[in-house]
Amino acid sequence: FSKIGVRHPALFKKVAHHLVAANGRGFGGFSSQGLGNTLWSFAKQAQLSLEVIDSLGDSVKLGSTGRLAVYETSCLDIGEKAIKTLFVRAAEGGVELGLDRFTNQDLSNTVWAYSTLGLLHSGFFKEAENQVLKRLKNLRPFKGQEIANILWSFATLNAQPDPVLIDELSSYIASVCSGKKGVADEYSISKVFKRQELANVAWSCAVVGRYPEELMKILYTGIVGTANDPNRMKQIFHDDGLQQSSIMTLYYVQLAADIEASKLQLALPPGFPNGWGESEGHVRGNGDDLIEMSSSMLTLTISKLQRDVSNTFTEIGFENVLEHVIDTNEIKDEYGFQLPQTPQEFLSIDIANIGQKVGVEVDGPGHFVRLIDDTRKPSNKVTLNGMFADKGENRVNGPTLLKHRLLTHLGWNIIHLPYWEYQSLGGVREKEKKYCESLL
């Protein structure tokens with residue numbers, strides 16, 4: 001059903017109940033392929049609902065977007081407890097089976113399923129990381145899509161892989177993309193990767209904050225080439241241009257690399273993105289599995305919670321505007337970073353005092369992944385002075401982490417307000433004021 005794009009919530013609810021109910025069969029006896037395909041199918045079922053809604057256009061409005069909408073759909077289809085239990089038991093079953101029995105495709109499908117639903121089983125992901133490193137050393141070949149899915153999944157979930165994983169994958173990508181003269185060019189890269197996959201690898205590097213020089217040059221060569229000729233790149237990669245998500249991803253990667261790896265001197269072509277995007281009327285293929293704009297840092301919807309928080313800050317004397325937008329021209333003119341000339345809305349801040357350059361991000365459920373390990377150890381790797389330490393079953397996701405870094409680099413002091421902390425105040429105005437004062 002999932003493979004051919006047909007949703008059947010009732011069937012999948014029955015299957016989930018059969019697997020993980022009180023007397024369910026569990027995942028014992030599943031092959032690695034069976035386990036990976038099962039999880040992929042459940043994640044794809046929920047993602048298909050977004051594709052249906054997208055095809056209906058503006059006549060349908062979603063309350064949530066991206067991974068949160070996919071997760072909420074899964075909860076509505078299956079039940080939140082059931083979907084979490086399913087993915088916990090699958091992780092335990094996979095580790096018990098042994099990830100060495102998973103093919104590269106099995107691993108790719110499995111971690112993709114977890115990241116698509118925003119569920120992180122850190123024990124399983126650590127085992128997957130170790131398995132990938134082991135296979136790279138043993139020269140077991142990975143396909144481009146498998147590499148992209150694995151890196152994207154780790155970055156999206158903020159699974160905090162060891163930097164060695166990025167370095168080893170960089171060396172591997174350099175070896176498989178090398179041309180006849182031992183140098184990677186557009187033609188040799190196109191034999192391994194699609195451009196969307198390259199963009200997702202580049203974004204993953206930015207989230208992790210690691211930019212191996214050889215890898216970044218390969219990624220830019222594969223995405224935009226060396227001759228500033230978008231039509232030539234379309235012919236080489238047999239595509240219809242860059243997806244909008246890839247274009248936005250490149251803006252974020254370019255800014256992050258300009259600030260955090262300036263010595264690489266990476267640059268997008270003059271005039272980008274004019275001429276580089278997909279043609280109007282392009283029909284997306286069935287293989288475009290990664291969620292469109294999973295890495296977006298521009299969110300121009302204002303929730304009731306945001307308005308309430310903004311009003312509270314106003315009452316305590318903190319002047320603010322809702323949804324302050326920073327565009328590429330502002331970044332170029334005010335900060336001196338060399339983004340392309342074409343104006344593009346780029347970053348948004350939920351609540352901003354522009355004069356003081358203090359921003360408040362009201363972090364709703366879509367900013368977090370759900371930690372589903374029963375015996376996990378608290379994260380202490382990437383906390384940014386404790387701001388992003390794990391809170392209960394919540395960990396801030398990769399896009400939120402990268403956005404915070406970019407805004408900080410641009411001179412903003414960003415305060416994060418987790419939605420459950422404000423909601424727990426029960427609407428009592430004095431408590432809400434004291435809470436917001438404490439944040440300032």
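Phe-1 is found in the segment before helix H1 (9-20), where helices (H or I, at least four residues) and strands (E, at least two) are DSSP runs numbered from the N terminus. The model is predicted, so that local features need pLDDT of at least 70 and side-chain atom pairs count only at pLDDT 80 or more, whereas totals for chains, interfaces and linings use all residues. Residues are numbered from 1 along each chain as its sequence is written, and side-chain values use heavy atoms, with hydrogens and water left out.

With a relative accessible area of 47%, Phe-1 is partly exposed, a class that lies between buried (under 20% relative accessible area) and exposed (over 50%; 1.4 Å probe, protein chains only). Together with Ile-4, Val-6, Leu-11 and Val-15, Phe-1 forms a nonpolar patch on the surface, with about 420 Å² of accessible area in total. Such patches are made of residues with over 30% relative accessible area and no salt bridge, nonpolar side chains (Val, Leu, Ile, Met, Phe, Trp, Tyr) being joined within 5 Å and like charges within 9 Å; a salt bridge is a side-chain nitrogen of Lys or Arg within 4 Å of a carboxyl oxygen of Asp or Glu. Accessible areas come from the Shrake-Rupley method with a 1.4 Å probe, and for residues only the protein chains shown count as cover.

H1 itself has twelve residues and reaches 16 Å from its first C-alpha to its last, close to the 16 Å expected at 1.5 Å a residue, the expected span being 1.5 Å times one less than the number of residues. Its buried residues are Phe-12, Ala-16, Leu-19 and Val-20. These cover an arc of only 70 degrees around the axis, which puts them on the same side of H1; the arc is that of the directions from the helix axis to the C-beta atoms. The face turned away from this buried side carries the exposed residues Lys-14 and His-17.

Helix H14 (residues 304-315) also has twelve residues, and Leu-305, Gln-306, Val-309, Ser-310, Thr-312 and Phe-313 are buried in it. Seen down the axis of H14, the buried residues fall within an arc of 160 degrees, so they line one face of the helix. Their cover includes strands S2 (321-327), S3 (345-353), S4 (358-363) and S7 (413-418), as well as helices H17 (419-423) and H18 (429-439), contact meaning heavy atoms within 4.5 Å. H14 is followed by Gly-317, whose phi is positive, near 90 degrees.
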